[in-house]
Structure formats: C-alpha cells, structure tokens
Amino acid sequence: MAQAMRPHAATSLFSTDGKPHPLQDTLLAVTLVLGVIAFVTAMFHHLHLLSSWTGLAGIATGLYGQYISVTTRERFGLILGLGAAAIGFFLGMAHGGLFGGVLGV
C-alpha cells in the first residue's frame, strides 16, 4: 500500500499546520513564564506585589495570544499559562493587591 510521505520541515514545537508562528510561540512562552512566576510567588504573602503584577501581565498576554492563536497546541499552552497567571493574580490581590502597602493603602 503506497502512501504519500510528508516532508518534515523545520517547524515550531507548537505548530501543527507545518508553518512557523513566531509571534504566537513568543506569546505562549511569555504567558507560561509569567503564569509560573505569579503562581509560585502567590504562595508567599509578602510577595503579593510581584504575584499580582505578573499575574495581570500574564492574563493580558495570554488573552491576546488566545485571540491570535492558530493551532490547538498553542491554545492548550496558553490556557495553562492563563490559569496559573489568574490564580497568582487573584491570590496576590487577596494578599494585598497591586498597590497594597506602597501607596499607604
């Protein structure tokens, strides 16, 4: 049974359509890094400024990444990063917020 072979060109790790998506991959990586930082620092009460701001930035980059994403693999990674960023953001807000203690609030 003869089957056509597809050539394996150099593509991105998260691309399933065979085309490179450098902007989407960059947004995915930034969202994942910000989400991990926000999630980990949210476990420490005194790091609420870092967790709330990185969580907010992770949510913003993740939402824009979802808006322009092309493949399912990109969307899957963005959802993981968005979830971690949102948890970090909400816990950071609960521990003191974006400006808690800095502006005398």
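Ile-37 touches Leu-50 and Thr-54, with residues up to four places away in sequence not counted; contact here means heavy atoms within 4.5 Å. Ile-37 belongs to helix α1, where helices (H or I, at least four residues) and strands (E, at least two) are DSSP runs numbered from the N terminus. Its relative accessible area is 35%, so Ile-37 is partly exposed. Buried means under 20% relative accessible area, exposed over 50%, and partly exposed in between (1.4 Å probe, protein chains only). Ile-37 and Gly-58 are 21 residues apart in sequence, and their C-alpha atoms are 9.4 Å apart in space.

The model is predicted: local features need pLDDT of at least 70, side-chain atom pairs count only at pLDDT 80 or more, and totals for chains, interfaces and linings use all residues. Residues are numbered from 1 along each chain as its sequence is written, and side-chain values use heavy atoms, with hydrogens and water left out.

## Overall layout

The protein has three helices and zero strands, in the order α-α-α along the sequence. Of its 105 residues, 38% count as buried. Among contacts between residues at least 6 apart in sequence, 74% join residues at least 24 apart. The protein exposes about 6700 Å², of which carbon and sulfur atoms supply 73%; accessible areas come from the Shrake-Rupley method with a 1.4 Å probe, and for residues only the protein chains shown count as cover.

In soluble globular proteins, nonpolar side chains tend to be buried together. The largest nonpolar core in this model has six residues, namely Ile-59, Leu-82, Ala-85, Ala-86, Phe-89 and Leu-98. Helix α3 gives the most to this core, with four residues. A nonpolar core is a set of buried Ala, Val, Leu, Ile, Met, Phe, Trp, Tyr and Cys residues joined through side-chain atoms within 4.5 Å.

What is Phe-89 in contact with, leaving aside its neighbours within four places in sequence? The partners of Phe-89 are Ser-51, Ser-52, Gly-55, Leu-56, Ile-59 and Leu-98.

## Nonpolar surface patch

Val-36, Phe-39, Val-40, Met-43, Phe-44, Ile-87 and Leu-91 make a nonpolar surface patch of about 600 Å². Patches are made of residues with over 30% relative accessible area and no salt bridge; like charges are joined within 9 Å, and nonpolar side chains (Val, Leu, Ile, Met, Phe, Trp, Tyr) within 5 Å. A salt bridge is a side-chain nitrogen of Lys or Arg within 4 Å of a carboxyl oxygen of Asp or Glu.

Helices α1 (22–41) and α3 (72–95) each supply at least two residues of the patch. The most comes from α1, with three residues. Ile-87, a patch member, is found in α3 and counts as partly exposed because its relative accessibility is 41%.

## Aromatic pairs

A pair of aromatic rings is described by the distance of the centres and the angle of the planes. Rings of Phe, Tyr and Trp (its six-membered ring) pair if their centres lie within 6.5 Å; planes under 30 degrees apart count as stacked, over 60 as edge-to-face and the rest as tilted. By this rule the count comes to three aromatic pairs. One of them is the tilted pair of Tyr-64 and Tyr-67, at 6.5 Å centre to centre and with 35° between the planes.

Tyr-64 and Tyr-67 are three residues apart in helix α2 (residues 48–68), so about one helical turn separates them. Tyr-64 counts as partly exposed because its relative accessibility is 43%, whereas Tyr-67, at 69%, counts as exposed.

## Residues apart in sequence

| Pair | Apart in sequence | Apart in space |
|---|---|---|
| Ala-94 and Ser-52 | 42 residues | 9.2 Å |
| Val-70 and Gln-24 | 46 residues | 7.8 Å |
| His-95 and His-48 | 47 residues | 5.8 Å |

Ala-94 lies in helix α3 and counts as exposed, since its relative accessibility is 62%.

Val-70 is placed in the loop between α2 and α3. With a relative accessible area of 38%, Val-70 is partly exposed. Not counting residues up to four places away in sequence, Val-70 touches Asp-17, His-21, Gln-24 and Arg-75.

His-95 is also placed in helix α3, and its relative accessibility of 27% makes it partly exposed. Leaving aside neighbours within four places in sequence, His-95 is in contact with Ala-42, Phe-44, His-45 and His-48.
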